[in-house]
Structures are given as structure tokens and as C-alpha cells.
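Take a moment with the sequence and the structure before reading on. The paragraphs below walk through them step by step.

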Amino acid sequence: MIKLTNLEKVYRTSSIQTLALHNVNLEVEKGEFLSIMGPSGCGKSTLLNIMGLLDNPTSGQILLDGHAVANLPDRELARIRNRKLGFIFQSYHLIPDLNVLDNVELPLIYRKVSGAERKKLALAALEKVGLSARTKHYPNQLSGGQRQRVAIARAIVGQPEVILADEPTGNLDSVMGEEIMNILLQLNQQDGTTIVMVTHDESQAKKTGRLIRFFDGQQVNTETYAAQLS
Amino acid sequence: MLRNYLKMAIKVLLRKKFYTFISMFGISITLAILLVVTSFWEHATGEQAPEVNLDRSLVVSRMKLKDKRGGNYMDGASFYFLDHYVRKLSTPEKMSFYSFPGTVSAFIGDRKVNLDRKFADAAFWEVLKFKFIEGRGYTAEEVENSQSVAVISRSFKEKAFGKESAAGKEVKINQDKFRVVGVVEDVSFVRYHTSGDLYLPVSLDKGFQKNKNILGNYAAMLVAENPGRRKEIQKEYAAMMQQVEIPEPHKFESAHSHADTYLASYTRTFLGNDETNTGVNTLYATIGLIAFLFIMLPTVNLVNINISRTMERASEIGARKAMGASSFSLVLQFLVENLVLTVFCGVLAVGLAYGAMEAINASQFIEHLQLTINYEILIKGMLFALFFGLLSGVYPAWRMSRLQAAEALKI
């Protein structure tokens, strides 16, 4: 599904050069739930951004379904992000000017889906995360857990093959965190969605199929588990 | 897609009320001022009754004598010059000679009023299309016979006769009595070729035919068959000027006068010269520069606001990119937002301009001034608004769209 080969990411300023990722080789299988752990600044989010085509690697290759995607033009990258990938962020990144329904419809707008179809799909996605009663609310009228559920609905509304989740429970209390984690596990186990999740929470990571540990921009350890719903 | 951009634009504007107010304030006020100024300009120089057919008319309003010591004497033309030289031109289809307005006093009951008096020939009523409220213009025969007839303006008629009809009645100006043959709609004083309260036959001018000088107090309007034939009149006029007998040749070396377009008749004196430069281009360039700088003020302000909002909207930009927005679609979105804002500004500006014009008209600080928003000005205003939108939106939108998604999501 996703194959990263000899991936390097270097951040350069006029006075300093920081190696964020070094010689990363990683393959994510279709239908897999992979979690990535490591201390802050070890390159987890950078790796996820590069996998999600939100950032460019300094060198190395990214294959998505066997196709190299690192150097595609902006419009093509946007199309892939729209069709194949769904994103969930720690800070939700919902658009404050749009209500819940409009936020969830967003990926479908860029896919040029008709208004009626968009609404139908968005309501179905909100139903899936248990938020169909809040469609007219604005993000600032929701709790953190509700916002993250809206973000998940937005990520899944276009039925992407891969969901990239960057610390999706990082801003939530343990109860809310569990709820969000269960939704992700269901998506993986029931819908077969491939999920790559960055997390600081060991117990959540161990619920996924495979855990990769990162340190100083390098992959240092891999553990496999039987994915489980709590 | 465009519908979604519009929906988003309206949502952003409604939810960011302070930003919307600040942005709209500068642009709307600027546009409203431009609309009012344009309306003044149209009022002063545009085609409006009674000065119709300006596109095929030429004006003779200045005569300049250069003396041998390098000095200039400048005034209107004399009736003698117009009658003796200009009347002989063969290229104009019609022509009319008339004096510039001069102030005279009249008594209405025991109340003294000052009036603008204009002497004009009979052709004046044919060349210029006054709106007659009563009666008619005086005839060539009445002029020929120096009959004491007059055409008066509506405001003078109302002062002198109230709501009663004035036609056939007498008005007394100083010691002279005139029979009113017609009443015309008021003309603003800025249209000095036609404005006046009292129009009298040119033969009643005391200096009529006596002044053999070429400097005087008269102007002429020459009408060509069609706009293209004005050049022929100008050519014939220039050739005629070569034949003009210079008065007091020991003192003056040359005489200069031009058959100019309406606007050039104003600009030549201040911005042009006696040769080919009428000054019109200089005027347009100056007005264009001032208008451009004037427009740039709120535009730069809006660019500044938009750029500073880039950081505020970084999260949105990152999220949209993650959801599949290309840089191009983001540019379009932000541009539509800006265009919607400026179109709102345009509508508001038209409202403000309308209010301001009504207030100016009501105050009558310029007598008989009637500023109006016409379709042309409205369209110009909306084009200004779109121009604002594009000018202030393109660069910030491009900058926003260039923001790296990963970077934007970190902010």
C-alpha cells in the first residue's frame, strides 16, 4: 500500500541543519493498523506528513500502490490526498467558519460531488461517529471529543483507503481517548481501512497490529500485536 | 465549486464582522468619493441638456493676443470677430454666438436680485436644446429688429412671477423693460456656455457691432454634420486665423484662437499651448494618477489585512490542502472571498454616494446642481470594486496558497 525507501528529511535554516528522518524504510500493508511511537521531536509527525504528501522528503522514495508520488505536481498530489488519504490531527483543524456538516463535506467539495450526495455521505459519516444530532453546530460549540469525532467523520467521508492520524487522542481525556480509539479500530476491522497512527499512548498503540518505535529520526524497534477493541 | 466558494466567502465575512467592517469602510468610502467626483465631472463636462451633440460640436471661447514684448492679452472673442470671420466658415453645419454671463440687477417688487445675463443670437435656441417650460426662444427677426424680448430661467420666473405664467409679461432690468417670450429650465453655472437667468437678443448688447477689436466677451459653438467632420472645421478655423487682421500691429504680433472640443476649451488655457497640445491628455494623465493613488490607499490596506490574516487562517489552509485542495483552488477561493467583499463594498458605496449626492443637491451649495448616479457611473463603480478585489486579493491569495501544508498545520 505505502512503501518508503531510504527516506531522509533535513530541515535547513541559514545557520543550522536538523536531520528529522534518516534512512527510513517502511512498508504499510493494505488493511493494516500501524502505530508509531517515540519521544517528542523524533520525527513521527514528519514521517506521517511525508506519507500523507503534506511535506516533501529531502531524498528517498514514496510508493503509493506501487506508484512513485514524491515529485508529482501540486494538482496531482491534491487529487491523491483527496481520493486515497484521510487525515486526523491532534488539534482537529476543523474550519471554525463552517458548521459540522459543512466541515465533513469538505473533501467531497474538492471531489466535485453534488450537494445532495455530499449531504447524504456526510450525514452517514457523522452517524458512524455518533454525531448526527450536531450537524448545525460550529466547532467552538463542541467538546474536544466531539470535535475529534467530526474530524474523523471528515476523514472517512470520502472512504479513503488510508487514514493518517497524528496523535488523535492527544488532546482528550482517557474516556474520550478510548472512544476515539474504538472508532478507529472499528474502521480498521470492519471497513478494512488502513490506518497509520502517531501516538504517545502505549496502551493504545498496543491495540494496533504493529507498533514502530522511533528515536532521533530513525526506526529503532518493531512490535506486533493482535488488534483489539476495548 | 464556485457556489461553495461564494458560500464560504459570505460565511467568513459574516463571522469576522470586525475585519469585514474595517475592510469595507476604506473601500466603500473611497468608491463613494470616486462616484461623487465622477458625477461632478459628468455634470461639468458630460453631454447633458441643453448642451447636447457635444461629440460633434466645437467651442470657440478664447482669444489671445501676443504683444511684441512677450506679454499676452487673453479674453473671450468679440462679436465682431465671430461675425466677421467665423460666420464665413463653410464647414460647420450650424453655429451660434453668445456672450459669457454678466451680472445685472433687477427689482422684483422692492427686492433687488442679481441676475446672470447672457446675450445670444437666435441660432442659440436651435443649436442648444433648452427645455422650455413656457413659450419659445426669440427669433432671428426679433434679433434683427433689436426687439426687447427675453427668455428667462425657471428660478428667475419663480422669483418674479411665482406660480403664474410669465410668457407675454414684462420684466424690468435697471431702466429697461423686456417682454418674456419663453421660460427655460435652470442650467448650472458650471456650464457657462449656457447658464443664465436672463437671455437677451445679441442686438441689445450695447457693444454690439461697435467693438471692432477681436478680444471680447463672446464665445461660439460650431456644430459639425458628424463627429468625424470636426477635424475639417478645425482645419478651416486654423486657416482662417492666419487671415485675421491683427489689431494695433505695432503693438501685437499674433492672434491665437482655436475651435476646440468642449473639454479642450477648458484645458488649453491651463495645460495646453497655442499649437497642437490641447492639454486634454495631460488632464487625463493627472486625473488618472490621482485616482490611481487614491484607489491604492484602501487597496494596500486590504492587502495588508489579508496578508496578516494568512497566519490566522494557516490551520484552515493546511486542513484544506490535506482534504485535497490544490494551490490553485485555494487562490480561487481567497480571490472569490475578496471579490465578494469588494462587490458588497461597491453596493454600499453606491448607496453612500447616492446619499451624499442627495445631500449635495439639497444643500444647493452649487446653484442648480443636480448630481445623479447614472448607469455608466454605476458600472464604473462596480468595475472599480472588482478592480479593488483583484488588486487586493491576488497577492495575498497567492501567498496563502504557497504555504506548505505541513508548516501551516503546525502554526
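What follows goes from each chain as a whole to its parts, and then to the contact between the chains.

This is a predicted model. Start with chain A. Its secondary structure comes to seven helices and 10 strands. Along the principal axes, its C-alpha atoms fill a box of roughly 45 × 40 × 35 Å. The radius of gyration is 17 Å, and this agrees with the value near 17 Å for a compact globule of 230 residues. Of those 230 residues, 48% are buried. Take the contacts in chain A between residues at least 6 apart in sequence: 68% of them join residues at least 24 apart.

Now the sheet. In chain A, four strands form an open sheet, in the order 2-1-4-5. Their pairing is antiparallel. Which strands stand at the edges? They are strand 2 (17–28) and strand 5 (67–68) of chain A. Each has a single partner strand, so one side of each is left without a neighbour in the sheet. Leu63(A) has Ala68(A), in strand 5 of chain A, as its bridge partner.

Strand 2 of chain A also holds Asn23(A). Is Asn23(A) buried or partly exposed? It has 13 other C-beta atoms within 10 Å, whereas a buried residue needs 20 or more. Asn23(A) is therefore partly exposed. Leaving out residues up to four places away in sequence, Asn23(A) touches Asn6(A), Glu8(A) and Gln218(A). Arg154(A) is 131 residues from Asn23(A) along the chain. The C-alpha atoms of the two are separated by 33 Å.

Helix 1 of chain A, residues 44–51, gives another picture. Eight of its eight residues are buried, so this helix is largely enclosed by the rest of the structure. The buried residues run from Lys44(A), Ser45(A), Thr46(A) and Leu47(A) to Leu48(A), Asn49(A), Ile50(A) and Met51(A). Just after helix 1 of chain A comes Leu53(A), with a positive phi of about 60°.

Where does Val196(A) belong? It is part of the largest nonpolar core, which has 88 residues. Val196(A) is one of the five that touch the most other members, together with Val104(A), Ala125(A), Ala153(A) and Leu164(A). Helix 3 of chain A, residues 100–110, gives this core its largest share, seven residues. There is a second, separate core of 56 residues. Its members include Val59(B), Phe178(B), Val183(B) and Tyr262(B).

That brings us to chain B. Its secondary structure comes to 13 helices and 14 strands. The C-alpha trace spans about 90 × 55 × 35 Å along its principal axes. Chain B has a radius of gyration of 29 Å, but a compact globule of 411 residues would have one near 22 Å. Buried residues make up 39% of chain B. Among its contacts between residues at least 6 apart in sequence, 77% join residues at least 24 apart.

How is chain B divided by the domain assignment? Domain 1 takes 2–46 + 282–410, and domain 2 takes 62–259. Their C-alpha centres lie 47 Å apart. The contact takes six residues from domain 1 of chain B and five residues from domain 2 of chain B. On the domain 1 side, three are nonpolar, two polar and one charged.

Last comes the meeting of the two chains. How many residues of chain B are in contact with chain A? There are 22, and they are in contact with 22 residues of chain A. On the chain B side, the elements that give two or more residues are helix 1 (2–15), helix 10 (314–323), helix 11 (327–363) and helix 13 (405–410). Helix 10 of chain B makes the largest share, seven residues. By class, this side of chain B has 10 nonpolar, eight polar and four charged residues.

Terms used: Residues numbered from 1 in each chain as written. Chains lettered and ligands numbered in written order. Predicted model: local features only at pLDDT ≥ 70, side-chain atom pairs only at ≥ 80, totals over all residues. Pairing = 2+ DSSP bridges. Rg over C-alpha atoms; globule rule 2.2 N^0.38 Å. Buried ≥ 20, exposed ≤ 12 C-beta atoms within 10 Å, placed from the backbone. Contact = placed C-beta atoms within 7 Å. Nonpolar A, V, L, I, M, F, W, Y, C, P; charged D, E, K, R; others polar. Domains from an automatic or database assignment. Core = buried A, V, L, I, M, F, W, Y, C linked by C-beta atoms within 7 Å.
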